[in-house]
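Hi,

Here is the structure I promised to pass on to you. Please have a look at it first, and then read on for what I found.

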Amino acid sequence: MRPIRRRPLSFLLGFLVLAAAVLGLAGPAAAHDAAESSSPAQGASVPVPPEQVSVTFSNKPLGIGASVSVKDASGTEWADGQVQIVDNVASQKLRPGAPAGAYTVSWRVVSSDSHPIEGTFGFTAAAAAAGTAPATGPTAAANVPGMGTAEPGATAEPSAPADSGEPFQWSIVIFAAVAVGLLVALAVIAKRRLSAGEEPDAG
């Protein structure tokens with residue numbers, strides 16, 4: 001009779017091994033794409049505003065829902081045209097005539113696993129860019145996503161952009177589901193063992 005009663009324990013051990021394997025595989029899969037660097041780098045000081053800004057990601061973002069805003073200290077929008085995505089780099093051109101001063105770049109893309117991620121970084125320009133500056137005042141950026149061949153700028157050493165968004169980690173949900181499954185399995189095994197213990201021994 002003892003070999004029969006050991007079967008629930010073997011089942012439980014097998015379930016634990018399977019759950020550990022599932023969690024091990026789900027961990028890397030739950031890690032969404034992330035921003036690795038920006039150009040200009042976060043907090044960089046450049047001679048003049050660059051012709052474009054860019055963000056490099058750990059994987060290629062989807063060409064849907066991408067937007068990049070580039071505003072100066074007065075709140076004027078300098079982004080011009082569509083966001084260009086080439087490989088794992090999202091780039092945004094700037095309008096000519098951008099003034100000297102501090103700039104804030106806010107970006108948002110849809111990562112390769114279909115989850116939106118966003119973040120911001122800033123840089124400072126020592127002098128105004130060449131070209132005729134348009135009338136001042138906040139203007140709307142063209143946030144239409146698209147594909148292109150523009151290459152990222154290289155005005156400063158790349159560094160991790162500030163405030164890059166971290167999506168929700170689904171590994172927590174998977175872990176909770178496995179824990180519930182373990183509790184249910186333990187309850188079933190305990191019930192069976194109690195039922196087996198109540199049965200009279202065969203003469």
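This is a predicted model, and the pLDDT of the protein averages 74, with 57% of the residues scoring at least 70. Two stretches call for some care. Over residues 22-30 the pLDDT falls below 50, and this stretch makes seven contacts in the model beyond its near neighbours in sequence. Residues 135-159 also have a pLDDT below 50, but here the model shows 67 contacts beyond near neighbours in sequence.

Four strands form an open sheet in the order 2-8-7-4, and their pairing is mixed. On average, neighbouring strands here are turned by 25° against each other, ignoring direction. Within the sheet, strand 7 (residues 101-110) runs antiparallel to strand 8 (residues 116-125), and 10 bridges join the two.

The largest nonpolar core contains 23 residues, and V53, F57 and W107 have the most contacts inside it. At least two residues of this core come from each of strand 3 (52-57), strand 4, strand 5 (83-86), strand 7 and strand 8. What does F57 touch, leaving aside residues up to four places away in sequence? Its contacts are A34, A35, E36, N88, A90, W107, V109 and I117.

Best wishes

Key: Residues are numbered from 1 along each chain as its sequence is written. This is a predicted model: local features need pLDDT of at least 70, side-chain atom pairs count only at pLDDT 80 or more; totals for chains, interfaces and linings use all residues. Side-chain values use heavy atoms; hydrogens and water are left out. pLDDT is the predictor's confidence in each residue, from 0 to 100. Contact means heavy atoms within 4.5 Å. Two strands pair if DSSP finds at least two bridges between them. Axes are lines fitted to C-alpha atoms, for helices over the stretch in contact, and angles run from 0 to 180 degrees between N-to-C directions. A nonpolar core is a set of buried Ala, Val, Leu, Ile, Met, Phe, Trp, Tyr and Cys residues joined through side-chain atoms within 4.5 Å. Buried means under 20% relative accessible area, exposed over 50%, partly exposed in between (1.4 Å probe, protein chains only).
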